[in-house]
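Please look over the sequence and the model before reading on.

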Amino acid sequence: MKRPFHKDIIDIFKSNENTVLQHLLAVAEKCRRESIGNEVYPRGLIEFSNNCSSNCLYCGLRKNNHLLLRYNLNREEIVALARTAYELGLQSIALQSGEIASEARVDFLVDIIKRIKDLGSQDANQSIGITLSVGELSYQQYMKLWEAGAHRYLLRMESSDPILFRAIHPPSQSYHRRLECLDALKDIGFQVGTGVMIGLPGQNYEHLAMDLLFFQERDIDMLGMGPYIPHPDTPLARVKADTISDPYNTTIKMMAIARLLMPDINMVASTALQSMHADGLIMGLKAGANVVMPVLTPEKYRPNYALYANKAYKPLAQLQTEIQEAGYELALWKWGDSAHYHRRRGIA
Ligand code: 5AD
Ligand code: SF4
């Protein structure tokens, strides 16, 4: 199939025909098998703190949500979770938290990253791959984290449209600053991931088509997209979202088109997608996802990492079974880097 263009993309979003969705999934699947095969890379997700200095209008962790009980895992707890991941064969982990841009937080992370890198054998290929998702920091701070040994970074754009971005963020957060952060991460050498939410109030199919072109133009290595799920204790939950009538299926379509446009990137089957529907994981895989993030955060803290309502958690064993039954393979004992990153950097 020829690659879809702007108008084709909008037509696909608007279509309610099951045959259109099935055809899209079939071509995305073919593209995925040819470019990256059937492996699915796990990242053990450690949500180490829900403190956040930011106030995104959609997110349950926002600073002004005083109903949320805040927590911080300590160094020993985080390193112990990384060790558990390693023992399970999850050779990559993701450290995620709300946004705290202090030097003390960065130094804390540097220490933890170094300790986690020491957990694997001395052979660099056997160490643990580390993805960070801790928000907007300065160039120097990102550099410190890179030098400590982190090598992938996720920073979602949330929307590539500056007006929509402004509508869902407080005035202190700027679209241009977010772009600068993505540029800094790329310049330093990180594998860079971004993404958007789908079904936001004020968002339309045109925005989503532009998001896809934005990812392509910025030559991203990793992509994470999920449906927007209102959190009752946030301002955005009071705003009706009705233009995108079916965020779940629209996310699946977005993912399939993203796979066609960017055949060798890493793309996650997001927790938000899995939280919306019992088939979210399988549909995400069928749409071209090749990354899953089994949650390692201790159970007692999980309800407090409430980005949105009714977040779903699937144990590793269940993820593995579902992945296998859908015809894919959970790739243990591998870093599972983005093939796109290696191609872009000219690494064999
Ligand atoms: N619905 C879906 N995803 C959300 N996120 C935050 N709040 C929500 C929500 N209400 C996502 C954002 C953010 C990531 C950490 O979680 O995309 O980048
Ligand atoms: Fe904080 Fe991130 Fe939530 Fe924004 S999306 S409030 S930065 S945790």
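In which strand does T131 lie? T131 belongs to strand β4, residues 129-133, where strands are DSSP runs of E with at least two residues, numbered from the N terminus. This is a predicted model, in which local features need pLDDT of at least 70 and side-chain atom pairs count only at pLDDT 80 or more, whereas totals for chains, interfaces and linings use all residues. Residues are numbered from 1 along each chain as its sequence is written, chains are lettered from A and ligands numbered from 1 in the order in which they are written, and side-chain values use heavy atoms, leaving out hydrogens and water.

T131 counts as buried because its relative accessibility is 3%, buried meaning under 20% relative accessible area with a 1.4 Å probe and protein chains only. Leaving aside neighbours within four places in sequence, T131 is in contact (heavy atoms within 4.5 Å) with R43, I93, A94, L95, R152, Y153 and L154.

N304, found in the loop between β11 (291-292) and α12 (316-325), is likewise counted as buried, at 15% relative accessibility.

Turning to ligand 1, the residues around it are Y58, C59, R156, E158, M197, P227, Y228, I229, L307 and Y308, a residue being near if one of its heavy atoms lies within 4 Å.

| Residue atom | Ligand 1 atom | Distance |
|---|---|---|
| Y58, polar backbone atom | nitrogen | 3.0 Å |
| R156, polar side-chain atom | oxygen | 2.8 Å |
| E158, side-chain N or O atom | oxygen | 2.5 Å |

Note on methods:
A polar contact is a pair of N or O atoms within 3.5 Å; within protein, one must be able to donate a hydrogen and the other to accept it, and residues adjacent in sequence count only if both atoms are side-chain atoms. Helices (H or I, at least four residues) and strands (E, at least two) are DSSP runs, numbered from the N terminus. Buried means under 20% relative accessible area, exposed over 50%, partly exposed in between (1.4 Å probe, protein chains only).
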